[in-house]
Amino acid sequence: MNTLFTNFGKPLFIVACIVVFTFQGYWLWNSFQNKKKEFLEQTKFEMTQVFMNKLIRSLPIGPKKIDSIFGPGKVSFTNIQSINNKSQIFIPNTKSKLKTKTTVKNKKNDTITIKDGNTFFKDGNRMDYILYNEIRSYIPELVHADITVYYESKKSKRTYPLNRSIKNTNTTEPIALLDHSTCRIHIENLNGIIITHKMLWPIIFSILYIILFLGTILILFRNLTLNQKLLKNKEIFTRNMTHELKIPISTLLIAAEGLEKYNIVNEPEGARKYAKSIQRASTQLSSLVETILQNTKADNNKEVLKLTRINLLTLLEEVKEILSGITIKSQAKVIFQDIDRSIDIKGNYEQMKQVFLNLLDNSLKYTEKQPVIIISAERARNRIIIKIEDNGIGIPEKYFQEVFKTYFRITNGDLHDVKGFGLGLSFVKSSLKKQNGSIRILKPESAGTVMELNLPLYES
């Protein structure tokens, strides 16, 4: 499973994102087209209602006097007949005898023609104006929309407002009128209306869904990647730890075996050499175990550290003394530069001692020549800035953040030039964080490494 994820994790993540985006895009596009079609059908239906209502209101008589024109019988003004998928508005003939043609005028001086039982405006331009304004009250979404009424017959074409071009997109299906003409409405910003009034919540839902999906996938991908790195680092840690522990254990076994066979009484000097070997191996073994326990304790300890007043120079001198055996052996120079004896920091003494021990030990180990370590300190308001510079092999800039992660070690292929567990700098960063401090790596002007510690100044 881990191998599958390592080899195909990123491609699978990309494919999953493409599938989700494609599905959401297809769903939104279909929804948009359906909403658009429904809105145009609604506009056509309401346009038909406008025609019918206006035709009815244009009659010059009240409902009680309809019989005097159409004769006895009921008249329906709301019938709509579909011819070739085009709606045709008409008023049916009554059973009574009716004049062939009647022309009347209503109060607005609109000319109305009643012919063979059918009623329509002679003044078509006014009907365009009525339709243009009335349709907005029927459909609230069109109140501020830019619409155009198209009237087309065999002899002429006109628009309202006048002199507008006739378009076939975003236009309702035509309604057939009795004079063999058609009328339809074009909505200029139909897409914007659909998105704003009909598709707003589906779009919001889709965006939230995509964000949730991508967030979940990214978190899952990140966790799996981190777990993969952690497993790899643990494997390296276990291999290094086994190697590191084998050396002192082998020394102890050899020394113990030698002492067992050795004649201590007759050759005390040789026995003393074995004893020193046992002592060195035991010290090394103790140091390795302490390093592991120290890091584990730092990770699991949730208690707030007790912070006290610590004299910086005194602390550094003690650390230097502890490492004197290594410095003498490697002929290293540890220089305290411009450190005022009056500088006091606020921290936990034991933790701070381990911090500097780890940093100086790294500077002593990771070098190919005589080690030179320069430690300086300066005040910055209520903080102390400490720099530790060495002339070692240095750290590549791309690893400036990585080296503070647990178990991480810079490798040369599958080999480490200097053995270790990859716990030192991880402990340093977590310990300083608990003491309200921080650490970062600065880009050196020449070879080597520059560590910068930012610690709180003790204020009495």
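Predicted model: local features only at pLDDT ≥ 70, side-chain atom pairs only at ≥ 80, totals over all residues.

How many helices and strands does the secondary structure of the protein chain come to? And once that is clear, which residues do ring pairs link into a cluster?

Mentor: The secondary structure of the protein chain comes to 10 helices and 16 strands. Of the 460 residues, 38% are buried. Among contacts between residues at least 6 apart in sequence, 67% join residues at least 24 apart.

Now to the rings. A search of the whole structure finds four aromatic pairs. One of them is formed by tryptophan 27 and phenylalanine 205, with 6.4 Å from centre to centre and 70 degrees between the planes. That pair counts as edge-to-face, because the angle is over 60 degrees. It links distant parts of the chain: tryptophan 27 belongs to helix H1 (residues 2-57) and phenylalanine 205 to helix H5, 178 residues apart. Tryptophan 27 has a relative accessible area of 32%, so it is partly exposed, while phenylalanine 205, at 51%, is exposed.

Helix H5 spans residues 200-261 and also holds isoleucine 207. Isoleucine 207 counts as partly exposed because its relative accessibility is 44%. Together with Leu200, Trp201, Ile204, Leu208 and Ile211, Ile207 makes a nonpolar surface patch of about 630 Å².

As for the cluster, ring pairs link Tyr129, Tyr132 and Tyr160. Let us stay with tyrosine 160 for a moment. Tyrosine 160 is found in strand E7, residues 157-160. With a relative accessible area of 22%, tyrosine 160 is partly exposed, because buried would require a value under 20%. Valine 149 is 11 residues away from tyrosine 160 in sequence, yet the two C-alpha atoms are 5.1 Å apart in space.

The ring of tyrosine 132, a member of the cluster, has the charged end of arginine 136 sitting over it, 4.7 Å from the ring centre. A second example is arginine 158, whose charged end sits over the ring of tyrosine 151 at 3.5 Å from the centre.

Terms used:
Residues numbered from 1 in each chain as written. Heavy atoms only, no water. Helix = DSSP H or I, 4+ residues; strand = E, 2+ residues; numbered from the N terminus. Buried < 20%, exposed > 50% of the residue type's maximum accessible area, 1.4 Å probe, protein only. Contact = heavy atoms within 4.5 Å. Patch = residues over 30% accessible without salt bridge, like charges linked within 9 Å, V, L, I, M, F, W, Y side chains within 5 Å. Areas by Shrake-Rupley, 256 points an atom, 1.4 Å probe, with all protein chains shown as cover. Salt bridge = Lys/Arg side-chain N within 4 Å of Asp/Glu carboxyl O. Phe/Tyr/Trp six-rings, centres within 6.5 Å; stacked < 30°, edge-to-face > 60°. Lys NZ or Arg CZ within 6 Å of the ring centre and 35° of its normal.
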